[in-house]
Amino acid sequence: NSMASIKELLFSWCNLINEITQSKSSNQEDLERLASVIYSFGEGISISLKADFIGDFDITGLQILFTLELPNGEKIPPEICALAVLTLGKLCLARKDLSRANVAAFAHLLSSKSSAPIVKCNCIIVLCDLCVAYSALVEPYVKMITQCFADPSPLVRHQTLILLTRLILEDYLKMTSIMFFRYVYAMTDTDKKVAAFASNCLLNVLMNKSPNLIKSHFMESLFYFSN
């Protein structure tokens with residue numbers, strides 16, 4: 001049947017990921033060819049979340065792709081790492097035990113100065129999705145996510161605004177004083193587009209949900225910005 005075929009494909013893709021990431025002879029061309037396999041594996045997981053075999057994958061290869069280089073010393077392109085983040089994130093959504101084991105790895109990539117913007121953006125996506133599914137697991141890392149409002153990349157700052165605003169609107173996160181400070185800080189962003197978007201998120205979107213937001217945090221903001 002169709003699910004049996006999907007299962008066979010998923011295990012073959014997973015085995016190929018493990019084989020290439022752990023081979024002594026793998027090179028950049030091998031890693032580039034792996035992109036479509038990782039993407040397909042992730043899409044297959046998305047349509048098999050309730051299947052009984054979803055917990056049987058050996059994810060060693062995906063975890064290796066979270067590092068800067070393969071065991072043979074070959075450097076891992078940021079695009080491949082970013083795909084691995086999304087694919088492992090989909091597996092984590094299906095299995096809480098995997099989430100518990102890997103949420104710190106997503107957070108590490110997010111906070112690492114060596115992580116490319118595309119990798120950080122995907123880590124934010126995964127952590128915010130896990131916040132919806134398993135909020136208690138992600139809660140210790142929320143402050144780290146809000147620190148991305150000051151990330152060197154405008155893309156990462158914009159992505160953070162989008163996803164955190166959605167989580168607050170849907171009551172998966174509460175607006176705390178420190179998070180409010182981050183939003184006000186984002187309104188002073190050197191990138192005009194990011195600053196305008198932050199103003200829209202806070203003044204037009206979040207204040208529609210909580211009209212007394214600025215009043216509630218006004219004094220704390222004064223203390224914060226006057227050091």
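This is a tutorial dialogue on reading a predicted protein model.

Biologist: What should I know about the numbering and the model before I start?

Modeller: Residues are numbered from 1 along each chain as its sequence is written, and side-chain values use heavy atoms, with hydrogens and water left out. The model is predicted, so to speak for local features we need pLDDT of at least 70, side-chain atom pairs count only at pLDDT 80 or more, and totals for chains, interfaces and linings use all residues.

Biologist: How many helices and strands does the protein have?

Modeller: Helices (H or I, at least four residues) and strands (E, at least two) are DSSP runs, numbered from the N terminus. Here the count is 12 helices and 0 strands. Along the principal axes, the C-alpha atoms fill a box of roughly 60 × 35 × 25 Å.

Biologist: How do I read burial, and what percentage of the residues is buried?

Modeller: Buried means under 20% relative accessible area, exposed means over 50%, and partly exposed is in between (1.4 Å probe, protein chains only). In this protein, 45% of the 227 residues are buried. As for the accessible surface (Shrake-Rupley method, 1.4 Å probe; for residues, only the protein chains shown count as cover), the protein comes to about 11700 Å², with 57% belonging to carbon and sulfur atoms.

Biologist: Which residues touch the most other members of the largest nonpolar core?

Modeller: A nonpolar core is a set of buried Ala, Val, Leu, Ile, Met, Phe, Trp, Tyr and Cys residues joined through side-chain atoms within 4.5 Å. The largest one has 73 residues, and Leu65, Leu91 and Tyr183 touch the most other members. Helix H6 (residues 117–133) gives this core its largest share, 9 residues. If you click on Tyr183, look for its contacts beyond four places in sequence, including Phe149, Leu161, Leu164 and Ile168.

Biologist: Where does H2 bend?

Modeller: A bend at a residue is the angle between axes fitted to the seven residues ending there and the seven starting there. H2 bends by about 30° at Leu34. At the start of H2, a side-chain oxygen of Asn27 comes to within 3.1 Å of the backbone nitrogen of Glu29.

Biologist: Which residues of H2 are buried, and what covers them?

Modeller: First the general idea. An α-helix has 3.6 residues a turn, so residues three or four places apart point the same way. The buried residues of H2 include Leu31, Leu34, Val37, Ile38, Phe41 and Ile45. Their cover includes helix H1 (2–22), helix H3 (60–64) and helix H4 (78–94).

Biologist: Why does Asp30 count as buried?

Modeller: Asp30 counts as buried because its relative accessibility is 16%. This residue of helix H2 is in contact with Ile20 and Ser25, leaving aside neighbours within four places in sequence.

Biologist: What about H9: what do its buried residues pack against?

Modeller: H9 (residues 154–169) reaches 23 Å, close to the 22 Å expected. Its buried residues pack against H6, helix H8 (142–146), helix H10 (177–186) and helix H11 (192–209). One of them, Thr160, has a relative accessible area of 0%. Beyond four places in sequence, Thr160 touches Ile124, Ile145, Cys148 and Phe149.

Biologist: And the loops on either side of H9: are Pro152 and Asp171 buried or exposed?

Modeller: Pro152, in the loop between H8 and H9, is exposed with a relative accessible area of 75%. Its C-alpha is 9.5 Å from that of Lys113, though the two are 39 residues apart in sequence. Asp171, in the loop between H9 and H10, counts as exposed at 56% relative accessibility. Check the backbone there too: phi of Asp171 is near 65°, a positive value in a residue other than glycine.

Terms used:
Contact means heavy atoms within 4.5 Å. A polar contact is a pair of N or O atoms within 3.5 Å; within protein, one must be able to donate a hydrogen and the other to accept it, and residues adjacent in sequence count only if both atoms are side-chain atoms. The expected span of a helix is 1.5 Å times one less than its number of residues.
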